[in-house]
Amino acid sequence: MALAVMLLNAAPFHGGCCRHKVLLSLLGPLLSNSKLYSSYRRPGAEPKKKLSWQNADFSFKKSIDHLKTQLSLLKKETQDYLKGPGGHPLSQDLLEQTRVLWQFRSQEDLNKWVISSDMEVGGKSKVYIKLGRNNQAALLYGTLNTEVPRDGETKYSGYCSMRSRPAVGSFNRKKYYDWSNFNTLYLRVRGDGRPWMVNIYTDPYFSHQKDDLYSYFMFTRGGPYWEEIKIPFSKFFFSSRGRVQDNQHPVWLDKASFLTLGFTIGDKVDGPFQLEIDFIGLLNDRAHREEFAYETYDKNTPV
């Protein structure tokens with residue numbers, strides 16, 4: 001500010017130009033509430049009324065309480081780590097055949113998941129989630145609409161999804177899932193006959209890998225009966241930004257690199273849908289010996 005005033009005082013002005021107008025043109029963006037970056041937002045997205053730092057609470061008492069909570073979580077994580085993998089003894093972990101990852105019995109279980117639809121890009125699909133009858137399952141329902149928004153940018157529309165929140169440890173550290181002792185994803189669901197896509201999102205090493213995921217189809221048969229679905233991890237195929245990649249590789253179960261799990265419906269059929277999920281777990285199927293279901297090859301074959 002002082003440098004700008006010095007420059008204005010030293011600069012000659014001719015033609016009756018006012019100094020305050022020049023100062024306003026130079027420092028206007030800093031003095032006003034306008035943003036220095038592009039204010040473009042996609043259709044359907046709500047405008048941000050406040051900056052992120054303006055929503056922060058600088059209460060000293062709440063800071064102390066938050067620190068106590070994080071320290072207690074760190075203490076529990078340390079005790080579980082010393083006890084064994086996942087807080088269980090090593091012998092129990094080696095002999096474990098099944099493991100329940102998520103089950104839906106309360107609102108707290110539902111809060112571990114996030115729902116989204118094409119409304120984020122201006123679409124008209126709607127999705128909701130609530131507890132099922134007797135609080136024994138999660139009911140994901142809504143309406144699919146494939147009408148493309150008229151924004152001149154979006155080419156495809158008509159999807160709804162449900163995605164788990166990333167696991168967070170003490171002091172907001174990322175927690176990873178270790179599924180190396182299992183080879184099959186095990187679900188108990190009840191659908192309406194529509195196909196779904198099961199997605200596994202991994203934690204990327206580089207920024208250009210943020211859209212990488214492993215996917216496979218889940219076909220529901222409809223009707224009043226529950227069905228148990230087993231999807232081997234060897235069936236999941238690798239894709240990036242919605243395109244199946246030529247260079248396929250199996251899911252790295254030993255890397256413990258899982259971030260979130262999700263379900264997506266986008267079968268291009270307008271109308272209502274619903275999916276009930278009792279639990280999501282893992283299974284070590286001894287009869288399944290397939291390592292990878294797809295061909296792997298070198299794109300640049302050595303001569």
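This is a predicted model: local features need pLDDT of at least 70, side-chain atom pairs count only at pLDDT 80 or more; totals for chains, interfaces and linings use all residues.
Q: How many salt bridges does a search of the whole structure find?
A: Side chains of opposite charge can pair when their charged atoms come close. A salt bridge here is a side-chain nitrogen of Lys or Arg within 4 Å of a carboxyl oxygen of Asp or Glu. The search finds 11 salt bridges.

Q: Which parts of the chain does the salt bridge of R173 and E77 link?
A: The N to O distance in this bridge is 2.4 Å. R173 sits in the loop between β5 (160-164) and β6 (184-191), and E77 in helix α3 (residues 60-83), 96 residues apart. Helices (H or I, at least four residues) and strands (E, at least two) are DSSP runs, numbered from the N terminus.

Q: Which residue forms a salt bridge with E276?
A: The partner is R190, with the closest N and O atoms 3.0 Å apart. E276 is in strand β13 (residues 271-283) and R190 in strand β6, 86 residues apart. E276 is buried, with a relative accessible area of 11%.

Q: Where do R241 and D211 lie?
A: R241 forms a salt bridge with D211, the closest N and O atoms being 3.1 Å apart. R241 is in the loop between β10 (237-240) and β11 (243-244), and D211 is in the loop between β7 (195-202) and β8 (212-219), so the pair ties together parts 30 residues apart in sequence. R241 counts as exposed at 64%, D211 as partly exposed at 26%.

Q: What span does α3 have?
A: The expected span of a helix is 1.5 Å times one less than its number of residues. With 24 residues, α3 reaches 35 Å from its first C-alpha to its last, close to the expected 34 Å. G84 follows α3 and has a positive phi, near 155°.

Q: Which residues does N284 touch?
A: Contact means heavy atoms within 4.5 Å. Not counting residues up to four places away in sequence, N284 touches Q97, N181, F182 and N183. N284 is in the segment after β13 and counts as buried at 17% relative accessibility.

Definitions and conventions. Residues are numbered from 1 along each chain as its sequence is written. Side-chain values use heavy atoms; hydrogens and water are left out. Buried means under 20% relative accessible area, exposed over 50%, partly exposed in between (1.4 Å probe, protein chains only).
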